[in-house]
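Welcome, and thanks for taking a look at this protein with us. Below is a short tour, arranged by topic.

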Amino acid sequence: MPALACCGDASVEPPPGYVFAGESTLPTSEVFSSSGVPTFTNTTATFVAMPATWAPAQSAALYRVDGWGAPYFTVNSSGNISIRPHGVETLAHQEIDLLKVVKKASKPKSSGGLGLQLPLIVRFPDVLKNRLESLQSAFNFAIQSHGYEAHYQGVYPVKCNQDRYVVEDIVDFGSGFRFGLEAGSKPELLLAMSCLCKGSPEAFLVCNGFKDAEYVSLALVARKLHLNTVIVLEQEEELDIVIDISRKLGVRPVIGVRAKLRTKHSGHFGSTSGENGKFGLTTVQILRVVKKLEQFEMLNCLQLLHFHIGSQIPSTALLADGVGEAAQIYCELVRLGACVNVIDIGGGLGIDYDGSKSQDSDISVGYSLEEYASAVVQAVRLVCDRKGVKHPVLCSESGRAIVSHHSILLFEAISASSYQSPPMSFDGLQDLVERLPSDALADYHNLYAAAVRGENDTCLLYAEQLKHRCVEQFKEGSLGIEQLAAVDGLCEFVSKVIEGSDPVRTYHMNLSVFTSIPDFWGIGQLFPIIPIHRLDECPAVRGILSDLTCDSDGKIDKFIGGESSLPLHELEGNGCISGDGGSYYLGMFLGGAYEEALGGVHNLFGGPSVVRVSQCDGPHGFAVTHATPGPSCGDVLRMMQFEPHLMFETLKHRAEEFANNGDDDSSGSIALASGLARYFDNMPYLMAASSCSLTAAGGNGYYYCNDDNFVPSVDSVAVEDEQWSYCVA
């Protein structure tokens with residue numbers, strides 16, 4: 001029976017812009033020797049970009065940067081991602097090369113860097129400021145255009161990102177237009193109160209979430225501190241607590257009610273809205289609240305109507321429908337004698353994660369900031385004018401839309417699975433044919449015949465059958481591992497040449513998906529993930545991303561655009577961690593909301609290092625204004641109730657007992673103990689080989705590495721309020 005290595009013509013069309021390198025057909029029967037065994041060499045079906053040159057603009061189109069990234073991210077002429085910190089108003093010299101930021105942060109201090117270990121979050125407060133100003137400008141324009149007779153003042157829901165500097169920046173940047181904060185728990189209320197002491201006195205402090213007596217007491221204390229605090233009733237029974245505590249403290253409360261609207265949108269982000277939503281009052285409950293407030297002569301305390309129809313509202317039509325319904329309730333409250341003067345439309349202002357501008361997707365929206373604001377203003381004005389009611393102040397709780405763009409998660413590839421077509425020698429293939437069981441031999445014969453006829457689909461069918469039969473034979477013990485490997489190699493080669501594509505590779509990332517991208521793991525949220533450099537080169541392979549955790553869910557295998565793999569570049573050398581190749585950096589964009597607050601410590605991988613970068617007029621256009629190393633091994637162990645210093649003492653005693661192997665010289669145990677101490681101070685993520693804490697020194701001991709790449713623990717770096725300032729030379 002003739003041995004077969006490949007089958008007939010591979011006429012499958014290659015992807016646009018690509019052609020096959022080398023042979024694009026499978027050798028036919030003419031390449032077989034008289035014995036039936038092919039005399040071919042190991043031919044691979046790889047792809048080569050056409051045309052030969054590759055421009056950064058092609059990468060921008062490939063990764064949809066101009067869609068999801070506008071107006072803050074672009075691909076520069078060097079093939080790196082650039083940040084446009086002031087949006088459309090950014091001048092050419094103000095753009096910030098993201099690769100330069102990464103190198104500044106990660107270089108050893110002895111080389112002028114900050115000595116931070118990746119993964120790394122880079123925050124751009126200039127982008128945050130631009131998002132706030134853009135939202136305010138959109139509402140100001142809509143108010144003026146539609147003749148609306150009240151103003152807009154938003155609040156930021158701190159649950160999106162409670163980082164101190166993020167919240168303080170928002171209060172600072174928004175103080176000129178009365179931008180406030182929203183809290184949903186007692187700790188969030190405390191931080192909001194503290195931050196708003198430096199904000200506008202007119203800024204709202206909106207108190208949402210479940211409330212007990214202590215929560216309500218704290219909110220009323222905030223009013224005593226002359227903060228513009230509004231207690232929003234999420235449950236009807238909260239009213240009794242508010243009335244009771246306000247009387248005891250002698251504080252007149254400002255009360256809001258959250259209405260359960262009938263309007264809701266489909267999909268994951270709309271599931272918490274509607275009549276069956278977790279929070280809010282029905283029309284029956286709202287009427288009872290009004291009557292009770294009237295009984296206690298507190299109806300004038302009811303000043304705000306709140307609602308929420310879900311995050312990522314996909315269209316302005318749905319938005320206008322919900323806002324119109326809420327405006328009707330507002331007008332009815334006015335008719336009933338309440339002193340409402342604010343409509344809080346909640347969150348829902350979405351962002352376009354994939355650049356598709358789609359109205360039928362959880363990861364996209366079909367409108368701009370200006371269109372969103374116009375829809376809100378027009379819907380409220382229409383209802384109020386029809387009812388003859390004074391236009392209310394407009395408030396929104398946009399969080400995702402404010403903070404998502406300003407933060408970028410950066411990580412590096414440490415290795416990638418490689419693929420080479422298995423070599424198949426004459427003797428090996430002949431031996432395979434001779435050892436095949438009769439049923440598998442029949443499949444092989446059919447595969448050969450289909451190859452001669454050029455029937456590609458039939459070839460794939462018989463190749464799969466051959467592989468399946470041989471696997472069963474191997475399980476029964478009648479086929480050796482060498483023969484099974486030969487069959488695997490043969491079938492993979494057939495599939496590769498006929499289908500005209502390389503297998504998808506796995507890129508191993510120095511990252512924890514569970515810690516840094518929990519929404520991907522938890523709810524399937526997609527974020528733009530792309531290389532931040534080498535974008536002037538054509539990506540030669542496709543890959544999925546695998547993290548460091550010992551969990552099969554620790555991978556990213558779904559990407560924007562409906563893709564199950566990502567175009568990537570070949571790693572230089574053997575990857576960055578081994579130290580014998582260039583680093584390959586990727587970035588996850590639009591992840592500034594929720595990811596840091598939701599991330600856990602699966603496998604005890606802590607959070608990333610963080611730097612704040614501002615645009616300046618220096619040679620490279622930026623300055624690092626604050627830097628914080630990521631949590632050390634000791635930090636994450638403390639979170640699990642371990643005491644690192646006690647753990648170290650235990651290991652130190654063990655080293656003193658066993659490390660010297662009976663020698664009188666104690667230098668080995670001292671060096672070993674010193675190295676162990678350093679492990680507690682390093683981040684849990686992988687480090688370059690040259691930075692390891694312990695290295696063998698001769699035959700019986702260890703020496704302690706004193707490397708500039710060492711990242712000390714957070715506690716040993718700076719006191720809480722200290723701000724480091726680094727300016728790029």
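How many residues does helix H8 have, and how far does helix H8 reach from its first C-alpha to its last? Helix H8 (residues 238-249) has 12 residues and reaches 16 Å, close to the 16 Å expected at 1.5 Å a residue; the expected span is 1.5 Å times one less than the number of residues. Please keep in mind that this is a predicted model, in which local features need pLDDT of at least 70, side-chain atom pairs count only at pLDDT 80 or more, and totals for chains, interfaces and linings use all residues. Residues are numbered from 1 along each chain as its sequence is written, and side-chain values use heavy atoms, with hydrogens and water left out.

- Helices (H or I, at least four residues) and strands (E, at least two) are DSSP runs, numbered from the N terminus.
- The buried residues of H8 are Glu238, Leu239, Val242, Ile243, Ile245 and Ser246; buried means under 20% relative accessible area, exposed over 50%, and partly exposed in between (1.4 Å probe, protein chains only).
- The cover over these buried residues includes helix H7 (213-224), strand S10 (228-233), strand S11 (255-258) and helix H9 (283-295).
- Just after H8, Gly250 takes a positive phi of about 70°.

**A three-stranded sheet**

- Strands S3, S4 and S5 form an open sheet in the order S3-S4-S5, with antiparallel pairing; two strands pair if DSSP finds at least two bridges between them.
- Strand S3 (73-75) and strand S5 (96-97) stand at the edges with a single partner strand each, so one side of each has no neighbour in the sheet.
- S3 pairs with strand S4 (residues 81-83) over 3 bridges, and Val75 stands opposite Ile81 in S4.

**Nonpolar cores**

- The largest nonpolar core has 157 residues, and those with the most contacts inside it are Tyr156, Leu333, Leu545, Phe589 and Val611.
- A nonpolar core here is a set of buried Ala, Val, Leu, Ile, Met, Phe, Trp, Tyr and Cys residues joined through side-chain atoms within 4.5 Å.
- Helix H11 (residues 369-387) gives the largest share of this core, 10 residues.
- Apart from this core lies another one, of 20 residues, among them Ala440, Leu479, Leu484 and Ala486.
- Leu333 touches, among others, Val257, Ile286 and Leu302, not counting residues up to four places away in sequence; contact means heavy atoms within 4.5 Å.

**Asp126**

- Asp126 lies in helix H4 (residues 125-145) and is buried, with a relative accessible area of 17%.
- Leaving out residues up to four places away in sequence, Asp126 touches Pro85, His86, Ser614 and Gln615.
- The side chain of Asp126 reaches the backbone nitrogen of Gln615 at 2.7 Å.
- Asp126 and Asp169 are 43 residues apart along the chain, and their C-alpha atoms are separated by 9.6 Å.

**Positions listed in UniProt**

- UniProt positions are given in the numbering used here, feature names are shortened, and annotations may be inferred rather than shown by experiment.
- An unreviewed UniProt entry places the feature "active site" at Cys550.
- Cys550 sits in the loop between strand S18 (541-546) and strand S19 (555-556), and is exposed, with a relative accessible area of 73%.
- For "modified residue: N6-(pyridoxal phosphate)lysine", UniProt (unreviewed entry) lists Lys159.
- Lys159 lies in the loop between strand S7 (155-157) and helix H5 (164-174), and is partly exposed, with a relative accessible area of 45%.
- Leaving aside its neighbours within four places in sequence, Lys159 is in contact with Glu188, Tyr594 and Ala597.

Notes:
A polar contact is a pair of N or O atoms within 3.5 Å; within protein, one must be able to donate a hydrogen and the other to accept it, and residues adjacent in sequence count only if both atoms are side-chain atoms.
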